[in-house]
Each structure stands twice: as structure tokens, then as C-alpha cells.
Amino acid sequence: MPRTKGDHEARRRDVSEAVWRVLAAHGFGGLTLRAVAAELDATTGLLTHYFPAKRDLVAHALDLLERRTAARPRRPAGKGVSAVRAALLDVLPLTAEATDSNRIWVSSWDTALADPALSGDYARKYAQSRDKLRDLVAAAQQLGELPAGDPARIAAGAQSFVLGLVVQALFDPSAFPPHHQAELLDDYLATLASPPSSSGDRVAPS
């Protein structure tokens, strides 16, 4: 019997699921046509119908990663610092799904750094994330929940903190279980909410 459009779409979904499982297990470094074919229990010849070259497979994987990340459930935003906290918690590997997504994102950095076009695309994505955090920080400042300061600079610091925590949690999950990640984030936010010392940290000359 001839294949229908539904058959083709179902097969494409199967291929995408296999790509995702390979990424979750081995990252972009282990993403090959052979690995995806083995996961799918198919031949590499079948996969070349979808991915004529390795760059096509990588492009599909990056698109799949972005779509899955965008579709991941988000916490209720709330207002003020609670909205900032929710946005940062959504980045952390606190669930199995979020851990897979973060492992894949981190493994994709090397691929992106080796490609100027991808590097620029990633830079724009992180800039967009900072812009969203900046707006949340500014709203929290207007509510009086965060002290005055450059919201863009505060957002850049918050993004840097949370991405660093992601990396540590991925490399040493026993030292950074989900509850400890949340505690460290709350400690960081408490520091942000504390007004700066009027005396500063400089030591008076003797």
C-alpha cells in the first residue's frame, strides 16, 4: 500500500523523538546518523531521506531543542521578585525534562562556538533572555522589592549566576540537587534585594 501523508508525518515524529533521545544521552558530540538510526532501529539510508548531510541533522536538532524549550511548561509569573524568581527557576535543571534540555543546550555550545552564524544566533537568544529579565527586574524595582540600580546590569548578573548554577548542577547533581539549587537562587535573590551598604567595602587608610 502507498504511504499516506499521515504515515510520513508519523515517521518524521519518530525520527525527531530518536534524535532527541540521542541528544539527551550523548549530547551534540554523539549526534550522528548512525546513532539516530540505531535508536530508531532503522538504516542510515532511511535517515538520509530526512538529513542528506550532517549539517541537516544538526540544524534539525537545534530546531528541535528550541521548540521543546519554548514549549516547556512555565511557572506562574506573579509580580515583582516572584516573577524574577519564577523566570530563573524555569532555567534550572530541577526536573528530568529540564535536565535533559539543559544537558543538550550545554552540549550545543561547542557546536555553536565553531560556527559564526550559530554563535551570533545564540548571542541574540541570550540577549533576548536578558531583556526579559531586565523588564522583570525593572518591574520589581517599581514595586520597591528591589533597590535602585541599572536593571540591565542586574539582569546580566542574574543570567550569569543561573547559567553557572546550571553547569554545576549538570556536572555534580548530587552536590546540587533541585532543592539546593532553589536555596542558592533564593540566597542570590535575597542579596539582590538587600540595599547596598552606605559605608561601602573600602578599608580606611591607616
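The axes of helices H8 and H9 come within 11 Å and cross at roughly 160 degrees. Because angles over 145 degrees count as roughly antiparallel, H8 and H9 are therefore roughly antiparallel to each other. The structure is a predicted model.

**How H8 and H9 meet**

- Two packed helices are described by the angle between their axes and the distance between the axes.
- The crossing in which H8 passes H9 is right-handed.
- On the H8 side, the residues that meet H9 are Ile154, Gly157, Ala158, Phe161, Leu165 and Ala169.
- Their counterparts in H9 are Gln181, Leu184, Leu185, Tyr188 and Leu192.

**Helix H9**

- Helix H9 covers residues 178-193, and its 16 residues should span 22 Å at 1.5 Å a residue.
- The C-alpha atoms at the ends of H9 are 23 Å apart, which agrees with that expectation.
- Gln181, Ala182, Leu185, Tyr188 and Leu189 are the buried residues of H9.
- Seen down the axis of H9, these buried residues fall within an arc of 120 degrees, so they line one face of the helix.
- An α-helix has 3.6 residues a turn, so residues three or four places apart point the same way.
- His179 and Thr191, on the other side of H9, are exposed.
- The buried residues of H9 pack against helix H5 (81-89) and helix H8 (151-171).

**Serine 101**

- With a relative accessible area of 4%, Serine 101 is buried, because buried means under 20%.
- Leaving aside residues up to four places away in sequence, Serine 101 touches Trp20, Leu65, Thr69 and Arg72.

Key: Residues numbered from 1 in each chain as written. Predicted model: local features only at pLDDT ≥ 70, side-chain atom pairs only at ≥ 80, totals over all residues. Heavy atoms only, no water. Helix = DSSP H or I, 4+ residues; strand = E, 2+ residues; numbered from the N terminus. Expected span 1.5 Å × (residues − 1). Buried < 20%, exposed > 50% of the residue type's maximum accessible area, 1.4 Å probe, protein only. Arc of directions from axis to C-beta. Contact = heavy atoms within 4.5 Å. Axes fitted to C-alpha atoms, helices over the stretch in contact; angles between N-to-C directions. Parallel < 35°, antiparallel > 145°, perpendicular 65-115°, else oblique. Left-handed = near helix turned anticlockwise from the far one by under 90°.
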